[in-house]
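My entries follow in the order in which I looked things up.

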Amino acid sequence: MNSPNSIPISPADQSLLEDLGQIAAELDPAPPLVTELGRTAFLMRRVDAELAQLVADSLLETAGVRSAHSGTRLLSFEAGDLCVEVQVSPVGDQLLVLGQVAPSPSKGEGVVRLEGTGGALDRAELDDLGSFRFDAVRPGLARLHVTLPDAQPVTTSWVTL
Amino acid sequence: MSKTGSSVADLLARADAGDQDAWNALVDRYTNLLWSVARAHRLSDANAGDVVQTTWLRLVENLGRIQDPERLPGWLVTTTRRECLRILSRAGREVLGGTDDAALDVVDERAPGLDTRLLTQERDAALWRCFEALSERCQRLLRVLMAAEAPAYAEVSAALGMPIGSIGPTRMRCLDRLRQLTAGADFAFGPEIEGSAR
């Protein structure tokens with residue numbers, strides 16, 4: 001705790017903070033399963049695809065505004081010039097996922113795969129406008145894998161749908 | 001500040017090269033810190049677990065992009081907090097602003113047990129109940145600061161969205177309030193705690 005980046009702390013405060021740290025480690029440690037899921041996250045690594053980072057999420061933009069959570073969520077991913085826009089809407093206890101890849105592939109060919117942490121969930125082909133659709137998606141961690149002709153595949157960041 | 005083992009830079013480089021053991025070492029080192037951040041946002045076990053898993057998945061996809069390994073703890077905490085805010089936003093809770101200091105009045109006054117063999121545990125339990133009666137802002141800051149692998153203060157500042165100049169004073173104020181609560185809980189705390197409360 002004596003790193004150059006620390007702020008001076010009284011011995012009593014330091015001692016109390018250390019006590020709390022010990023209690024927290026004892027009373028509320030990360031469950032073993034959580035650590036295990038962290039370790040297995042490594043298996044989800046894709047080195048063959050370019051990452052499309054999450055650049056906008058309407059869920060965060062509306063944080064703090066009550067009742068703003070009802071309805072549709074908009075997500076934007078970007079990898080270089082490629083943009084993947086996704087709209088997620090609840091339908092009962094499942095989700096409708098509508099998306100569009102821009103610029104749309106000139107040949108009108110392209111495949112989008114929906115992946116969960118357990119593997120592939122669904123597959124859709126892009127239409128002429130670069131749009132795709134997944135029905136009856138279960139809420140949970142997911143990412144999209146986009147394969148376009150004559151281009152490196154793109155995988156979006158993980159998001160909890 | 002790492003006490004033992006390989007440096008973060010070394011572990012990140014090895015993980016980037018595909019070394020699962022190096023990755024596991026990173027996960028083992030920081031999962032408790034990330035869990036603490038999620039719990040400090042009062043997330044349930046299930047939600048906290050999801051948030052931590054998401055953070056690790058985010059690091060996996062960004063391996064090789066972490067510019068400054070020294071700042072990894074701050075990056076992890078920031079990512080975790082953002083995921084917490086998503087979950088809270090979805091749950092429709094107000095998450096920005098507000099210090100909900102009214103919560104400070106809520107003190108659990110359950111009588112401590114008398115079994116002296118349990119004295120340490122009882123004291124710890126009582127201290128923790130008092131901690132949980134602190135404002136969310138206090139709990140968030142203290143849970144990050146008390147973690148064994150706590151990030152540097154500049155990183156804490158960025159991660160929790162608090163000005164760095166306010167971290168020291170807020171820390172002191174929150175610990176003082178904790179002492180007031182423990183004094184009110186009418187339980188024998190260690191001399192270092194009692195002493196400062198008077």
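Entry 1, the disulfide. Which hand does the link of C138(B) and C174(B) have? I read -80° about the S-S bond, and the link of C138(B) and C174(B) is left-handed. I note that this is a predicted model, in which local features need pLDDT of at least 70, side-chain atom pairs count only at pLDDT 80 or more, and totals for chains, interfaces and linings use all residues. Residues are numbered from 1 along each chain as its sequence is written, chains are lettered from A and ligands numbered from 1 in the order in which they are written, and side-chain values use heavy atoms, with hydrogens and water left out.

I took a disulfide to be a pair of cysteine sulfur atoms within 2.5 Å. With that rule I count 1 disulfide over all chains. It joins C138(B) to C174(B), with S to S at 2.1 Å. C138(B) is in helix 6 (residues 136–146) of chain B and C174(B) in helix 8 (residues 164–184) of chain B, so the pair ties together parts that are 36 residues apart in sequence. Helices here are DSSP runs of H or I with at least four residues, strands are runs of E with at least two, and both are numbered from the N terminus.

Next I checked burial, where buried means under 20% relative accessible area, exposed over 50%, and partly exposed in between (1.4 Å probe, protein chains only). C138(B) counts as buried because its relative accessibility is 1%. C174(B), at 0% relative accessibility, is buried as well.

C84(B) is in no disulfide, and the nearest cysteine sulfur, that of C138(B), is 18 Å away. I find C84(B) buried, at 0% relative accessibility. C130(B) is in no disulfide either; its nearest cysteine sulfur is that of C138(B), 13 Å away. With a relative accessible area of 2%, C130(B) is buried.

How many of the residues of helix 6 of chain B are buried? I get 10 of its 11, so I describe the helix as mostly covered. Among the buried ones are E136(B), R140(B), R143(B) and M146(B). I picked out Q139(B), which lies in this helix and counts as buried at 7% relative accessibility. Leaving aside its neighbours within four places in sequence, Q139(B) is in contact (heavy atoms within 4.5 Å) with A40(B), R42(B), F131(B), E132(B), A133(B) and L134(B).

I list 9 helices and 0 strands for chain B. Of its 198 residues, 53% count as buried. Among the contacts in chain B with a separation of 6 or more, 65% come from residues 24 or more positions apart.

At what angle do helix 2 of chain A and helix 2 of chain B pack? Helix 2 (residues 32–40) of chain A and helix 2 (residues 20–40) of chain B pack at about 140°, with their axes 9 Å apart. The axes are lines fitted to C-alpha atoms, for helices over the stretch in contact, and angles run from 0 to 180 degrees between N-to-C directions. The two helices are therefore oblique to each other; under 35 degrees counts as roughly parallel, over 145 as roughly antiparallel, 65 to 115 as roughly perpendicular and the rest as oblique. V34(A), T35(A), G38(A) and R39(A) meet residues of helix 2 of chain B, including W23(B), V27(B) and W35(B).
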